[in-house]
Amino acid sequence: MSFASLGLIDPIIRTLASLSYTAPTAVQSQAIPAVLAGRDVMAAAQTGTGKTAGFALPLLQRLVLEGQAASNGARSLVLVPTRELAEQVHDSFKAYGASLPLRTMVAYGGVSINPQMMRLRKGVDVLVATPGRLLDLVNQNALRLNGVQTLVLDEADRMLDLGFSRDIDKVLALLPRQRQTLLFSATFSDAIRVLADKLLRDPVSIEASPRNTTVKAIKQWIVPVDKKRKSELFLHLLKKHGWRQVLAFVKTRKGVDQLVDLLAAKGIAADSIHGDKPQPARLRALERFKAGEVRVLVATDVAARGLDIEELPVVVNVDLPIVAEDYVHRTGRTGRAGASGEAVSLVCADEVLQLAAIEMLTKQPLQRKDEDGFEPEHRVPQTNAAGQIVKKPKKPKKAKLAQGEAKVVQEDVRFRR
Ligand code: AMP
């Protein structure tokens with residue numbers, strides 16, 4: 001299938017050719033005709049499926065063929081959960097619309113609002129924004145949303161996870177009732193379905209890859225280890241495998257800083273990206289990583305979504321995420337657009353419930369590989385893909401304990417979800 005057969009116009013096709021996009025991805029071939037036809041869309045698509053072009057290309061085409069922006073207005077609005085994703089999605093709009101006479105803009109908090117207000121004076125065709133800053137702009141009378149023809153909610157599940165539900169409701173109240181709405185989400189929880197029911201009219205449903213599954217091309221495994229030896233094991237694996245570049249996830253900001261300091265002390269170029277860091281510093285760290293100046297980028301979950309780094313071979317979960325869905329998003333950083341990658345998780349005994357929840361969500365047990373010299377003192381209990389911890393008895397030390405320990409106890413962890 002070609003992009004032209006989906007109904008895209010020549011200037012866009014030429015731009016895609018210059019980007020070496022030869023054929024549409026699965027989500028693109030389904031979404032593009034639907035969006036061009038003005039339909040609402042509900043798409044289960046995670047990063048790496050090409051979803052951004054799936055909504056950006058037809059949106060740009062519709063905008064260029066009809067109408068123009070009113071001052072302080074936006075013709076289409078793309079709501080995203082994080083600043084990083086906002087930048088990335090806006091970059092995509094700029095790249096795909098390079099030859100089109102359209103005004104695009106990105107707006108998020110943590111940076112001065114004045115330049116954003118100035119840019120809005122003439123109005124924009126595409127506004128990519130995080131919910132909080134968007135509402136600030138409306139409250140400052142810099143932006144009116146009554147001319148929005150298309151609303152895109154990108155990574156809607158993440159938006160709800162980050163507590164944007166009320167902000168989203170406020171934004172919706174400001175939009176015209178008559179509009180096109182596109183909802184993209186990596187996972188489909190009950191909360192997302194409720195939101196979809198409220199927002200979408202007779203939507204075209206698109207499922208790019210089976211829901212709640214990680215990208216197949218990724219080789220995934222876990223290494224059981226004691227909590228206190230995780231950093232040491234990380235250094236060991238980095239050296240052993242000779243990984244060129246690694247994106248490492250750590251639970252806390254403090255943990256991120258500690259790992260970066262340790263790597264720096266060993267002469268390994270590392271930088272960090274987390275929510276408490278000022279936005280320019282986060283972007284700088286990301287740019288340095290993309291440019292290959294930094295070998296290890298250590299991040300908290302805030303940064304997990306929206307990082308688009310081409311050819312990233314390895315993601316290491318130094319800590320498992322608290323929310324199982326985040327595992328899918330994290331591993332989505334690698335193996336993008338068909339490339340193969342590796343996702344390694346360093347798992348300690350405390351994290352067994354998180355491990356079981358991840359295995360249940362992805363419906364696959366993660367392969368365990370013990371690392372010589374790092375076998376944990378605190379054993380990580382066995383898990384199965386049904387979200388259960390299988391407590392296998394240790395070899396009894398005394399004969400009289402043997403009878404009580406010899407049965408397999410299963411603990412249900414479904415409540416964790
Ligand atoms: P996304 O899922 O939108 O974050 O896109 C994932 C990556 O795939 C991005 O780096 C895109 O530039 C790339 N991409 C998207 N569509 C295509 C395509 N049709 N052909 C080649 N690469 C693509």
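**Exercise 1.** Determine which residues of the largest nonpolar core touch the most other members.

*Solution.* A nonpolar core is a set of buried Ala, Val, Leu, Ile, Met, Phe, Trp, Tyr and Cys residues joined through side-chain atoms within 4.5 Å. Buried means under 20% relative accessible area (1.4 Å probe, protein chains only). The core has 37 residues, of which Phe55, Leu57, Val78, Val89, Phe93 and Val128 touch the most other members. Next, consider the elements: those giving two or more residues include helix H2 (26-36), strand S1 (41-44) and helix H4 (83-96). Helix H3 gives the most, with 7 residues. Helices are DSSP runs of H or I with at least four residues, and strands are runs of E with at least two, numbered from the N terminus.

This is a predicted model, in which local features need pLDDT of at least 70, side-chain atom pairs count only at pLDDT 80 or more, and totals for chains, interfaces and linings use all residues. Residues are numbered from 1 along each chain as its sequence is written, and side-chain values use heavy atoms, without hydrogens and water.

**Exercise 2.** State how many residues of H3 are buried.

*Solution.* Just after H3, Gly67 takes a positive phi of about 75°.

**Exercise 3.** Identify the stretch where the pLDDT is below 50.

*Solution.* The pLDDT is the predictor's confidence in each residue, from 0 to 100. The chain has a mean of 86, and 85% of its residues reach 70 or more. The pLDDT is below 50 over residues 398-417. Where pLDDT is low, predicted coordinates should not be read in detail.

Note on methods
Contact = heavy atoms within 4.5 Å. Buried < 20%, exposed > 50% of the residue type's maximum accessible area, 1.4 Å probe, protein only.
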